[in-house]
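Subject: Structure for you to look at

Hello,

Here is the structure I said I would pass on. My notes on it follow below.

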Amino acid sequence: KKMCGEVQPVASVAITNVVLATEKYLKTYLKFVLTRTDGLEIERRYSDFLWLRGCLVQQFPGVFVPGLPPKKMMIFQPADFIDGRITELEHFVNRTSKITWFMQNDAFKALWNAQPMQLLKRRKKM
């Protein structure tokens, strides 16, 4: 499987796995494993998608940017919460992946090409 590469037009993206991760102070979050039809696979947090959408809205005023589900704490969520989140994130990624302007955007490329720590640094700069 490819882990990094140039952004190419993508027919489909699927979230193939969800991993529960823990960072300092025992804060937990979900990492979504996205797999493109060309084999590229990345892990991203929900906040990465929020960041990308914010960048696209700011850099393309007046252009429709697909929405994201609201951010929610994982605790006390119904059992089907993760399935719904997967469906909504797949919808967002697949719709934005079909818009050439978005695919050529630096934030979009960073989402697909940067290693997790590089993406975090990039998010703080933008």
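Two strands are taken to pair if DSSP finds at least two bridges between them. On that basis β2 and β3 pair in this predicted model, with five bridges joining the two strands in an antiparallel run.

The sheet

L34 is a residue to look at in this pair, standing opposite I42 in β3. The hairpin of β2 and β3 has four residues between the strands, and G39 there takes a positive phi near 95 degrees.

Taken together, three strands make an open sheet, ordered β1-β2-β3, with antiparallel pairing. β1 (13-23) and β3 (41-45) are the edge strands; each has a single partner strand, so one side of each is left without a neighbour in the sheet. Ignoring direction, neighbouring strands of the sheet are turned by 25 degrees against each other on average.

Helix α4 (residues 106-113) lies across β1, β2 and β3 and runs at about 110 degrees to β3.

The helix pair

Two packed helices are described by the angle between their axes and the distance between the axes. For α1 (residues 46-59) and α2 (residues 81-96), the axes come within 12 Å and cross at roughly 35 degrees. The crossing of α1 past α2 is left-handed. From α1, the residues in contact are Y46, F49, L52, R53 and L56, and they meet R85, L89, F92, V93 and T96 of α2. Sorted by class, this contact has seven nonpolar residues, one polar and two charged.

The second largest pocket

Which elements supply at least two residues each of the lining of the second largest pocket? They are β2, β3, α1 and α5 (116-125). The largest share, five residues, comes from α5.

The second largest pocket holds about 270 Å³ of space. Its lining consists of 13 residues, and Y29, R45, D48, P116 and L120 are the ones that lie nearest the centre. By class, the lining residues divide into seven charged, five nonpolar and one polar.

Regards

Notes
Residues are numbered from 1 along each chain as its sequence is written. This is a predicted model: local features need pLDDT of at least 70, side-chain atom pairs count only at pLDDT 80 or more; totals for chains, interfaces and linings use all residues. Side-chain values use heavy atoms; hydrogens and water are left out. Axes are lines fitted to C-alpha atoms, for helices over the stretch in contact, and angles run from 0 to 180 degrees between N-to-C directions. A crossing is left-handed if the near helix is turned anticlockwise from the far one by less than a right angle, and right-handed if clockwise. Contact means heavy atoms within 4.5 Å. Ala, Val, Leu, Ile, Met, Phe, Trp, Tyr, Cys and Pro count as nonpolar, Asp, Glu, Lys and Arg as charged, and the others, Gly among them, as polar. On a 1 Å grid over the protein atoms alone, a cavity is a set of points where a 1.4 Å probe fits but cannot get out, and a pocket is an open set with protein on both sides within 12 Å along at least five of seven lines; lining residues have an atom within 4 Å of a point. Grid points are joined across faces, edges and corners, and a volume is the space filled by probe spheres set on the points.
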